[in-house]
Amino acid sequence: MTAPNYDYVYQPGGSLGFRAPSYVPRQADDDLYEGIKSGRFCYVFNCRQMGKSSLRVRVSKRLEQDGYRCAALDLTALGGDEHLTPAQWYRSLITELNRSLSLLSVAEFDAWLAASDGLTAVYALSQFIEDVVLAKTAEQPVVIFIDEIDNVLSLSFDTTDLFAVIRNCYNKRADNPDYERLNFSLFGVATPAKLMRDTSRTPFNIGKAIRLMPLDLAQAKPLENGLVGWAESPEQVLRAIFEWTGGQPYLTQRLCELVQDEGMAHGAMPSSDTAAKVAELAEKNILTNWQLQDEQNHLKTIQDRLLRQSNLINRVVDLYGQVLEKGEISVTSNDEATVELRLSGIVVEEAQKLRSFNRIYRCVFGSDWVTKTLGDLRPHSTMFESWVASGSNARDHLLRGEMLKVAEAWAEGKSLSDLDNRYLRESQKAENMTFRKWAQASTLVSGIVAVGMLLAATTSYKAYIDIEEKVTVSQLQVTTNVSKNFLLENKPMEALVAAVKGGQIVKEKSLQSSQGGAIVLAALHQARYSSRNPNVQGASSFQEYNRLSVHSDGVSSMSFSPDGETLASASYDGTVKLWSIAGEQLETLSGHSDEVYRMSFSPDGETLASASGDGTVKLWSIAGEQLETLSGHSDRVHSVSFSPDGETLASASGDGTVKLWSIAGEQLETLSGHSDRVYGVSFSPDGETLASASYDGTVKLWSIAGEQLETLSGHSD
């Protein structure tokens, strides 16, 4: 076996030096180098420990060999104290820039600072770049690398002007060719939108984003050189390491280092059980008690990033749970939860799909971690999990009373998962319906009976929602059966009194039971109906009246036809039902594979459009025939609307877009501009303008040709 190379050192964490043997070049090396050489503003934004700083060091050295002057500014060194002023911060930035490029002596620099004392901090930076950086570099091309750029987000003041200065340097090339020698390149864990929202002053829309992908096994072959002598088959070992790390740079270096250490301690790793040995090293040195062994805070940083924004935790973790459950999910929008998930580093994006980065992350942050994390977040986790386990249909597990109030307070201001939102929505609907029925029952009779019923209804309702059940359903059934018998005998007042007694039992026994409460509620409701309708006798008095209840799940919306003669209801059961104004069910429109959120009649009333969670819009005739399926959105379709002339259809989607369609199903335009889900869309009366409502807190106005006309900003949610 070849003797080990003791000079070959792996380096998990930190920037790899220019001559580090374990550096693995990637496509990003050439992309960044060529982008700067061509005069482009370049930025490399990715999660922690993906090799951004090592890439900067490597490319910087290549450029210096080509005659470039390179400055390396690490914003971490400038500090982020809340008492730091803009003047102090920009002065520190200028000082670091001068030091990195070795431009002015201490005395010269102090003199320059004194001369610029009356300038604003931002203008001083601009002048230093022009009067010193460009003037002192003697026709050399200059690149200013700014690392840890996301540190500006922790400052107490706005740093928009910093990015405006960078953009201005590129704009000045038209008037001052000297600026063509100057380039900037930014590195950090951020996104352009996070760093700067003013698109009129941002340099990112004139820049080049450099993608930093995981290590490729074929390109990483040089890493085998450090395993020679410590493993009988370095090739097998590296392949086994990649099965655990997926090419994540830090973890790959860490496992290679562990193989070296193991070889030094116990001899070369045999080729017969390479996979098992690598798995043992990963389990022993990384996974077991990972919080204690995570010396570089690699895994802790990922967890902190996932949980760092309290208003987003639920959606971020739920989104990651979907990745684990499905293997990969499609992403086309840049909503905050998706951005945070990407920047955590726990997933990798390829071809607009997110998948789990590697096996180590799945072991540490697996399905159990997702369940526990979400459970710890929800104050109502037990009820929620029971509801989910029931197929998300059991009303017994919905929230009531104080528990619902606590959940609503917890949810306020948070971006929740679709399932969490649906659970709260269903709980609120059930709560409102229950309270309305109890309130109705409490106002039906006069005198002593009315007072008794009100007392029983209100106090038993509170007990129903707040106190643990202490009586059995059968005890209540006796009382309600008495009430039912009085109704059959056409004695409505006696039935009402018996039902009130049931309410008193609930009060006296401190009952909380959705099933028991429902029994009492039904008896009160039936007795109330009979007392108000003395001509209705016998069993028929138990029928619910004036209620269209054939959907098997919640009804999300309803709409009248233009002539007012037909009613359409959309349901989470995936159907749309048509009803006559007299309550007769006319048609059931089945075809969607997910919940139906909205529907809309055409102006002539002959066509119906339905928007569904399956990502499609379907067109139906008033007779129930499916006419067209409009497919094109990559997420749920929340709303749909016909133009006044009935020739155009608009659909709003969770993918952040609005699409325009012809009545024949042809896609006409895609209106992109919102940064989050679009929930509503509406045409103006003349059909020339369209308004869209989004979760990003704005309304946008569009022309029918797809041009964005206005953004209405002012809402805080």
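**Notebook: salt bridges in a predicted model**

I found Asp418, Arg422, Glu595, Arg636, Asp676 and Arg677 linked in a network of salt bridges. For me a salt bridge is a side-chain nitrogen of Lys or Arg within 4 Å of a carboxyl oxygen of Asp or Glu. The model is predicted, so local features need pLDDT of at least 70 and side-chain atom pairs 80 or more, while totals for chains, interfaces and linings use all residues. Residues are numbered from 1 along each chain as its sequence is written, and side-chain values use heavy atoms, without hydrogens and water.

**Entry: the network**

I looked up Arg422 and Glu595. They form a salt bridge, with the closest N and O atoms 3.2 Å apart. Arg422 lies in helix H19 (residues 418–441) and Glu595 in the loop between strands E12 (585–590) and E13 (596–601), so the pair ties together parts 173 residues apart in sequence. Helices (H or I, at least four residues) and strands (E, at least two) are DSSP runs, numbered from the N terminus.

Next I followed Glu595 to Arg636. Their closest N and O atoms are 3.8 Å apart in a salt bridge. Arg636 sits in the loop between strand E16 (626–631) and strand E17 (637–642), so this pair ties together parts 41 residues apart in sequence.

Are Glu595 and Arg636 buried or exposed? Both are buried (under 20% relative accessible area; exposed is over 50%, partly exposed in between; 1.4 Å probe, protein chains only).
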